[in-house]
Amino acid sequence: MASLADLVNLDLSDCTDKIIVEYLWVGGSGIDIRSKARTVNGPITDASQLPKWNYDGSSTGQAPGEDSEVILYPQAIFKDPFRRGDNILVMCDCYTPQGVPIPTNKRHNAAKIFNNPKVAAEVTWYGIEQEYTLLQKDVNWPLGWPVGGYPGPQGPYYCAAGADKAFGRDIVDAHYKACLYAGINISGINGEVMPGQWEFQVGPSVGIAASDQLWVARYILERITEVAGVVLSLDPKPIPGDWNGAGAHTNYSTKSMREAGGFEVIKKAIEKLGKRHTEHIAAYGEGNERRLTGHHETADINTFKWGVANRGASIRVGRDTEKDGKGYFEDRRPASNMDPYVVTSMIAETTLLL
């Protein structure tokens, strides 16, 4: 008799041309990601081949009960690492039946900015460092920590190995490989400063693709932690006190920054970011004031400063960029729970359109 695992892993390719498509979208909190599946004729090679779909927005906090239908527009497809075969994941954005983007649809405005000829000509590259915390289920306490207690102080855990220093590596490695399988440009992983905290990096990816990939990578991580019985937290300061918070440092460059003389372009872009510091902070994630204290490798939330190799700055420029006279910079202000559609498009807008 077939086991549950046998049935879950059934290969359908030899008996049907139908595939399963998991439609993904950002939920009502702006942080959660929702999904549901449907059967379509395959194979699918582009999101434009997929039908629009709908869901009950009153159940996700995105529509009233008396007019609850929200329409999903497929935007970017990825291989499904869970069902495999020709089955796919598709990142969608959300509209009213009349075709108006709903308030939580931040992708729509981001696409307008990235499609602006001035922005498109600069071929914006992003590398996003997604930090996150793994929590023990039911107790909301970091993985590897004694329940109701604390581990030893920070220091031994960053990029560490060992059963007393690295907690959840099997989850992290499973996520790494699943993202590569899906076609996400995941460029690395590492253990973070606080025990139970990890990071993965997406990029370099161009324009809106970086945000599509980060959202799908978050979804895949949610699914893997679900299987492992562990809770994923994107809270920017999950544990108060003398512990590092969690950010989503966003590395950025334009074509002009990557060419000879690019360091001068970078300095002008940073000056523009400083003038809109308040607007950026307001859009860079919930609870970020608990993280951006001026301690634990952050600049104070009310202060804008930049520096070369300075992890206590708002904007960090790498030594290689200074040496080569061209390259990229890192915006260290975004919180781990930021919406990448908002952050990436806002950086492009401020540096290229204002």
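Me: What makes two residues a contact here?
Reply: Contact means heavy atoms within 4.5 Å. By that rule Val216 touches Leu24, Phe78, Leu89, Met91 and Ile184, leaving aside residues up to four places away in sequence. This is a predicted model: local features need pLDDT of at least 70, side-chain atom pairs count only at pLDDT 80 or more, and totals for chains, interfaces and linings use all residues. Residues are numbered from 1 along each chain as its sequence is written, and side-chain values use heavy atoms, without hydrogens and water.

Me: Why is Thr60 called buried?
Reply: Buried means under 20% relative accessible area, exposed over 50%, partly exposed in between (1.4 Å probe, protein chains only). Thr60 has 9% relative accessibility, so it counts as buried. Thr60 sits in the loop between β3 (53–56) and β4 (69–79). Its contacts include Trp25, Arg34 and Tyr55.

Me: What makes a set of residues a nonpolar core?
Reply: The set holds buried Ala, Val, Leu, Ile, Met, Phe, Trp, Tyr and Cys residues joined through side-chain atoms within 4.5 Å. The largest such core has 61 residues. Its largest share, nine residues, comes from helix α5 (residues 209–228).

Me: How do you know that this core lies between domain 1 and domain 2?
Reply: Domain 1 (11–104) and domain 2 (117–353) both give residues to the core, so it lies between them. The domain bounds come from an automatic or database domain assignment.

Me: How do you know that α5 is largely enclosed?
Reply: Of its 20 residues, 14 are buried, so α5 is largely enclosed by the rest of the structure. Helices (H or I, at least four residues) and strands (E, at least two) are DSSP runs, numbered from the N terminus.
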